Amino acid sequence: MNSPPDRAELAHRIYTVSHLTGTFTLRSGVVSHEYFDKYMFEADPELLRAIAAACVPLVPAGIDALAGLELGGVPLAAVMSQECGLPARFVRKEAKTYGTCRLAEGGELEGKRLCIIEDVITSGGAVIDAANELRARGRDSRAGGVRDRS
């Protein structure tokens, strides 16, 4: 496992690669002159590896697998898996309606303690939805490495 990079340096690298200026219409319909393109850092192998290395120490003890959320959490979970040796699982926004009809791919989930991995969190809604869906299917999910104490 590589040592994590300096957080300020890493933040600067992410900002440099991902911060765009121009005219952008956001999902809400609001027009912005700045945009954070998360796929720019996920497509950069060195930067993605550095981000994964910085995230590995945040994974709680006792986790059985990393659960990367579609789409952006998948590459991050895969590289984190390589960094720490935990297996990765890949969680869809909703279960397939064909084939295996699975919500998640990559291996068995039953009885596994999962750490949900997402690339960028704004409101936390996608992580909460995934945690609830995984729990409903009998999985023990720890969203973002933060233990739900409810």
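Colleague: Happy to have this one open with you. How many aromatic pairs does the structure hold?

Modeller: Two aromatic pairs. Rings of Phe, Tyr and Trp (its six-membered ring) pair if their centres lie within 6.5 Å; planes under 30 degrees apart count as stacked, over 60 as edge-to-face and the rest as tilted. Keep in mind that this is a predicted model, where local features need pLDDT of at least 70 and side-chain atom pairs count only at pLDDT 80 or more, while totals for chains, interfaces and linings use all residues. Residues are numbered from 1 along each chain as its sequence is written, and side-chain values use heavy atoms, with hydrogens and water left out.

Colleague: Why is the pair of F24 and Y35 called stacked?

Modeller: The ring centres of F24 and Y35 are 5.2 Å apart and the planes stand at 25°, so the pair is stacked. F24 belongs to strand 1 (residues 19-25) and Y35 to strand 2, so the pair ties together parts 11 residues apart in sequence. Helices (H or I, at least four residues) and strands (E, at least two) are DSSP runs, numbered from the N terminus.

Colleague: And what makes the pair of F36 and F41 tilted?

Modeller: For F36 and F41 the centres are 6.0 Å apart and the planes are at 45°, so this pair counts as tilted.

Colleague: How do you know whether F41 is buried or exposed?

Modeller: Buried means under 20% relative accessible area, exposed over 50%, and partly exposed in between (1.4 Å probe, protein chains only). F41 has a relative accessible area of 4%, so F41 is buried. F36, with 38%, is partly exposed, and Y35 is partly exposed too, with 35%.

Colleague: What makes G73 count as buried?

Modeller: G73 has 0% relative accessibility, so G73 counts as buried. This glycine is found in helix 4. G73 touches E42, G68, I117, E118 and D119, leaving aside residues up to four places away in sequence; contact means heavy atoms within 4.5 Å. The C-alpha atoms of G73 and D119 are separated by 4.9 Å, although the two are 46 residues apart along the chain.

Colleague: Which residues have the most contacts inside the largest nonpolar core?

Modeller: I51, V59, L66, L76, M80 and I117, in a core of 19 residues. Helix 1 (7-18), helix 3 (45-55), helix 4 (73-84) and strand 6 (113-117) each supply at least two residues of this core, and helix 3 gives the largest share, five residues. What makes such a set a nonpolar core is the rule that buried Ala, Val, Leu, Ile, Met, Phe, Trp, Tyr and Cys residues are joined through side-chain atoms within 4.5 Å. Apart from this core lies another, of 14 residues, among them A67, A104, I116 and A130.

Colleague: What does I117 touch?

Modeller: Its contacts are L66, A67, G68, L69, G73, L76, A77 and M80, again not counting residues up to four places away in sequence.

Colleague: D37 is buried, so how do you know that D37 has no salt bridge?

Modeller: A salt bridge is a side-chain nitrogen of Lys or Arg within 4 Å of a carboxyl oxygen of Asp or Glu. The nearest side chain of opposite charge to D37 is K38, 8.1 Å away. Here Lys and Arg count as positive and Asp and Glu as negative, with His and the chain ends not counted. D37 lies in the loop between strand 2 (31-36) and helix 2 (38-42), and touches S18 and L20, not counting residues up to four places away in sequence.
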